[in-house]
Amino acid sequence: LRDGFWGHDSLAMSQDPELFQERHLKYISLLGKGNFGSVELCRYDPLGDSTGELVAVKKLQQDSAKEIRDFEREIQILHSLQHDFIVQYRGVCYSRGMRGLRLVMEFLPNGCLRDYLQKNQPRLEHCTLLLYAWQICKGMEYLGAQRCVHRDLASRNILVESDSHVKIGDFGLAKLLPQDKDYYVVREPGQSPVFWYAPESLADNIFSCASDTWSFGVLLYELFTYSSKSKSPSEEFLRMMGTGKPAQIICHLLELLKDNRRLPAPAGCPAEVYALMMSCWAFAPSARPTFGQLAPKIEALRDGRSK
Ligand SMILES: Cc1cnc(Nc2cc(F)c(C3CCN(C)CC3)c(F)c2)nc1Nc1ccc(F)c(N2CCCS2(=O)=O)c1
């Protein structure tokens with residue numbers, strides 16, 4: 001039987017483990033909502049006895065042709081990735097044809113790293129923060145090897161599997177590099193907060209593995225501030241910029257970065273860790289370390305003095 005969409009129970013359809021039938025996808029709760037769409041907690045329960053698996057289901061808010069095309073690309077990217085430190089693709093669910101397209105992923109019960117750091121600060125040691133940093137770094141090294149640029153590396157996009165295991169959890173802004181270029185120029189200015197953006201991304205919408213390294217440096221800052229709201233990258237940069245007119249935030253931020261102003265060392269942050277963050281914030285993309293170079297440095301910090 002060709003896997004088509006004639007009757008609901010064509011053998012192929014019910015055989016394909018990556019095809020989730022909408023009628024068995026039971027809504028439980030909303031996990032998060034953004035300008036992208038929303039992510040819901042569902043139970044896939046074909047037996048109807050609540051023994052089915054919990055899954056995280058992402059769907060679009062708008063369903064313009066561009067949104068659907070970008071979503072299909074996001075799904076293709078996640079489907080092609082298989083790594084311990086990247087959230088697992090489970091499949092897709094079509095309802096109402098392509099308009100109801102949904103991405104089904106594994107559900108991580110401990111939520112996103114930003115909330116987890118705030119909630120568990122007292123018992124999270126530097127060594128654990130460096131373990132999370134190392135895992136994200138290994139995931140990003142793998143991503144770079146697939147010629148994928150994430151573009152939105154931040155603690156809100158990292159999911160917590162357990163106390164000792166985090167995963168890169170969302171690929172909504174990810175892009176695949178073309179064969180002939182090691183950077184990607186996006187047309188629409190990014191939706192994600194500019195305080196995680198490298199200078200070349202702010203100035204010319206240029207994204208690359210090197211701009212992902214810049215964002216990784218900001219993620220390291222978030223780790224060592226335990227994602228405290230008052231010390232967030234946004235708060236710190238806005239403090240540094242003074243009460244400039246909001247219209248020129250990007251130009252003001254670029255000026256500040258050109259003047260070599262950077263986020264301050266988080267309280268209690270070991271000097272070697274701050275030096276690593278600073279190396280990720282080299283103005284020239286080529287001067288920043290690759291994720292392949294960062295991983296052993298983080299390992300050394302973990303084995304070294306950092307507690
Ligand atoms: C793929 C995936 C797997 N597991 C999980 N587990 C998960 C478990 C949770 F308890 C929570 C929270 C914890 C806090 N309380 C108040 C509400 C539920 C939670 F937020 C997530 N979440 C996934 N995705 C996801 C969910 C929600 C999202 F906002 C985003 N995004 C992040 C920015 C781009 S995004 O919007 O895509 C991705």
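The protein has 307 residues and a radius of gyration of 21 Å; a compact globule with this number of residues would have a radius near 19 Å, so the two values agree. The model is predicted. Its C-alpha trace spans about 65 × 40 × 35 Å along the principal axes. The secondary structure comes to 10 helices and 11 strands.

Where does the ligand sit? The space taken by the ligand is the largest pocket. Two elements, strand S1 (25–33) and strand S5 (102–106), each give two or more residues to the shell around the ligand.

The ligand is surrounded by 17 residues. Phe36, Glu106, Leu108, Asn157 and Asp170 are the closest of these. By class, the shell holds 10 nonpolar, 3 polar and 4 charged residues.

Leu108 uses a polar backbone atom, which faces a nitrogen atom of the ligand at 2.7 Å. Asp170 uses a polar side-chain atom, which lies 2.9 Å from an oxygen atom of the ligand.

| Residue | Protein atom | Ligand atom | Distance |
|---|---|---|---|
| Leu108 | polar backbone atom | nitrogen | 2.7 Å |
| Asp170 | polar side-chain atom | oxygen | 2.9 Å |

How much of the ligand's accessible area does the protein cover? On its own, the ligand has 720 Å² of accessible area. The protein covers 73% of that area.

Notes
Residues numbered from 1 in each chain as written. Predicted model: local features only at pLDDT ≥ 70, side-chain atom pairs only at ≥ 80, totals over all residues. Heavy atoms only, no water. Near = heavy atom within 4 Å. Polar contact = N/O pair within 3.5 Å; in protein donor to acceptor, adjacent residues only side chain to side chain. Areas by Shrake-Rupley, 256 points an atom, 1.4 Å probe, with all protein chains shown as cover. 1 Å grid on protein atoms, 1.4 Å probe; cavity = no way out; pocket = protein on both sides within 12 Å on 5 of 7 lines; lining within 4 Å. Sits in = over half its atoms within 2 Å of the grid points. Helix = DSSP H or I, 4+ residues; strand = E, 2+ residues; numbered from the N terminus. Nonpolar A, V, L, I, M, F, W, Y, C, P; charged D, E, K, R; others polar. Rg over C-alpha atoms; globule rule 2.2 N^0.38 Å.
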